[in-house]
Amino acid sequence: MDQEIRVSVICNVYNHEKYLRDALEGFVMQRTVFPFEVLVHDDASTDHSADIIREYEEKYPQIIKPVYQTLNQYSRGGGITRRFQLPRAKGKYIAMCEGDDYWTDPLKLQKQYNFMEAHPEYSLCVCSTQWLNLQTGIIENRGQISEDTDISLEEIILEKKGRVFQYASFFLKAEVVNSYPEWRMKFPIGDYPLAIMAALNGKVRMLADVMTVYRFCAPNSWTQRMDQEDKRAKVCVRMIEGLTALNDATDCRYQEVITQRIRRHQYTLALMNHDLNALRSDELKEIYRSRKLVFRLSDVLRCKYPNVYSKLM
């Protein structure tokens, strides 16, 4: 076997004790004809995440390569992947998976590697993902496809049919991940602009095989934090800033689709600010009128009587 690392897996961890073993098992069970490494970054977890990582480091020293922070770095400016993970990645390709998600197919890396090696015009290969709701325990089949297909830049920007694909399924050329144009830095999240950047630098392929699981609605997770109106409003503002910067950086070549996405964030922002006039403005009235009656009534209730809405919903 060629000993050169071909794939670097990036796994960022913070207080993922309850879920971390699933993620690590998904890594070490991978069957490949090439060497790969798993770069685990523990951001000064206050639970037993670091102990679990050390256990796997001892058992799989050629695969698990951790960093243990003593001070939380996310709270000191974020940029965990950019600052601590990518500088030590040796692979031609980068795969992603947070510590609370996991892989279910032992051939995931091999399948994506085979595709990317055979099709150098592609910059990103993803796959179908199951969504596991931790509040209900129900697995949801969102955005799964029946056959392998290309995903267009328009679909990525608009996130048609919900989120097109999940971060845990990302498999990219390293040069794409390592590029940080100014517009990418303006976004409050990492996976969305990364997928856009991949589509700007090559083609994107989605494999129909269901090979990953995305957990959502976990305590202190992104999805749960976005239930708080003030935080969701701030994210909307930064998403609008990021999309505006993207539009400028691409010389307005994708202005129509970017504007559509900006309008959606403006609509959400108006909801979070309880601004009914904004919902019915010339810019947003098309979205307002396109919503089903029950949702329009819910939007009006949320804006005019937010306390009543919060009790009911």
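Predicted model: local features only at pLDDT ≥ 70, side-chain atom pairs only at ≥ 80, totals over all residues.
Now look at helix α14, residues 293-304. It has 12 residues, and from its first C-alpha to its last it reaches 16 Å, close to the 16 Å expected. Which residues of α14 are buried? They are Ser298, Asp299, Val300, Arg302 and Cys303. And what do those buried residues pack against? Five helices: α10 (229-249), α11 (255-272), α12 (276-279), α13 (285-290) and α15 (306-312).

Cysteine 303 is in none, and the nearest cysteine sulfur, in cysteine 236, is 13 Å away. Then there's cysteine 125, which is buried with a relative accessible area of 0%. Its closest cysteine sulfur belongs to cysteine 127, but that is 7.6 Å off, so it's too far for a bond.

Searching the whole structure turns up 13 aromatic pairs. One of them is tyrosine 56 with tyrosine 60: the ring centres are 6.1 Å apart and the planes sit at 20 degrees, so we call that pair stacked. Tyrosine 56 is buried, at 5% relative accessibility, while tyrosine 60 is partly exposed, at 23%.

Another pair is tyrosine 93 with phenylalanine 171, with centres 5.2 Å apart and planes at 35 degrees, so this one is tilted. What I like here is that the pair links distant parts of the chain: tyrosine 93 is in strand β4 (residues 93-96), phenylalanine 171 is in strand β9 (residues 171-173), and the two are 78 residues apart. Both of those residues are buried. They also belong to one aromatic cluster, together with Phe34 and Tyr113.

Last bit: charges over rings. Where does the charged end of lysine 108 sit? Over the ring of tryptophan 103, 4.2 Å from its centre. Arginine 82 does something like it with tyrosine 180, its charged end sitting over the ring, 5.8 Å from the centre.

That's my tour, thanks.

Terms used: Residues numbered from 1 in each chain as written. Heavy atoms only, no water. Phe/Tyr/Trp six-rings, centres within 6.5 Å; stacked < 30°, edge-to-face > 60°. Buried < 20%, exposed > 50% of the residue type's maximum accessible area, 1.4 Å probe, protein only. Helix = DSSP H or I, 4+ residues; strand = E, 2+ residues; numbered from the N terminus. Lys NZ or Arg CZ within 6 Å of the ring centre and 35° of its normal. Disulfide = S-S within 2.5 Å. Expected span 1.5 Å × (residues − 1). Contact = heavy atoms within 4.5 Å.
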